Amino acid sequence: MTKQESVTIQDIADKANVSISTVSRVLNGNTKVGEGYKTAVLQAIEELDYRPNFFAQGLASGHSYTIGVITQNVGSPVYDAILKGILENLSQSNYSPIFADGQWDIDREEHAIETLIAKRVDGLIIVGGSTPTERLISISRQIPLIIVARIVPGLESQCIYMDNYKAGFEATQYLIDQGHRQIAHLSGIHLHQDSQERARGYQDALAQASIVINQDLIIEGDFRRQSGVMGIEMLLTKNEPFTAVFVANDQMAFGARLALFRRGIRVPDDVSLVGFDDQPDSAYMIPPLTTIRQPSVEMGIAAAK
């Protein structure tokens, strides 16, 4: 047994010449303790090199002081920015995060949820995901739940998200205002809520401007750079003229820019390009990418709060 493990609250009380209850109040920090007693306890803790057993404290108090966080793609700039916001805020509290990655697989996501609940986390933050609405409502009855980057009917007050429909509409409207009429769209995964809303905004902006929606100018991607490359190649093989492209995220926009460059198509001289997310790398493209900003870090901070 190490020195840290052998030190008990009784040892601290004896050294500080106070009661065990006084030591507990100082450790919990939730009851006023006289400055003299508090100083003596803190000095004893330092001299004895005491490290509290948080697991045991959690069992006693009914709290684990952990928050479960489920993301969908560790390494994704957007999701990682949300996680950064969560970490930033939790670091200012007594809570620590436990992370899990759903990897856009509903079974993995469900396993992660069950595992974190079994570990008795005090709350759960789910970033994105495809867990059905009914299941999320059921989870919210078991444990405090916050959902980021997704809106769930019936849990709107527990969701932190941006208006993807409005953003998609405004991105397309921007291109229309620049004089474009033949506007292509590289969408994200068809079943993804963000992708659906951005595509709906794109289509409604065209319809409002009396521009006929050409399905040949809509290509489904998967939010990855390579699908942006493939999307442009598919558009070019269709022989449907286009002068602008609204891309559902910056990762695909980076790929689209590369594909246009390879074909000798100049941006923005020949084709205008608009992305989505405002990733830091967007500012370093040549030319810098026009993109819709998504406040990812801020959403993570709000979720943790």
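**A sheet and its surroundings**

Guide: Just after helix α12, G264 takes a positive phi of about 75°. Helices (H or I, at least four residues) and strands (E, at least two) are DSSP runs numbered from the N terminus. The model is predicted, so local features need pLDDT of at least 70 and side-chain atom pairs count only at pLDDT 80 or more, while totals for chains, interfaces and linings use all residues. Residues are numbered from 1 along each chain as its sequence is written, and side-chain values use heavy atoms, with hydrogens and water left out.

Visitor: How many residues of α12 are buried, and which elements do they pack against?

Guide: Buried means under 20% relative accessible area, exposed over 50%, and partly exposed in between (1.4 Å probe, protein chains only). Ten of the 13 residues of α12 are buried, among them M252, F254 and L260. Their packing partners are α6 (77-90), β6 (183-187), α11 (225-237), β8, β9 and β10.

Visitor: What is the strand order of the open sheet, and which strands are its edges?

Guide: Two strands pair if DSSP finds at least two bridges between them. The open sheet has five strands with parallel pairing, in the order β7-β6-β8-β9-β10. Pairing on one side only marks the edge strands, β7 (218-220) and β10 (290-293).

Visitor: Which residues point to each side of β6?

Guide: In a regular strand the side chains alternate between the two faces of the sheet. Five of the five residues of β6 are buried, so this strand is largely enclosed by the rest of the structure. One way point I183, H185 and S187, and the other way A184 and L186.

Visitor: Which residue is the bridge partner of H185 in β7, and what is the handedness of the crossover from β6 to β7?

Guide: Strands β6 and β7 pair in the parallel sense over three bridges, and the partner of H185 is I218. The chain crosses from β6 through helix α10 (residues 193-208) to β7. A crossover is right-handed if, with the strands pointing away from the viewer, the path from the first strand over the helix to the second runs clockwise. This β-α-β crossover is right-handed.

Technical notes. Contact = heavy atoms within 4.5 Å.
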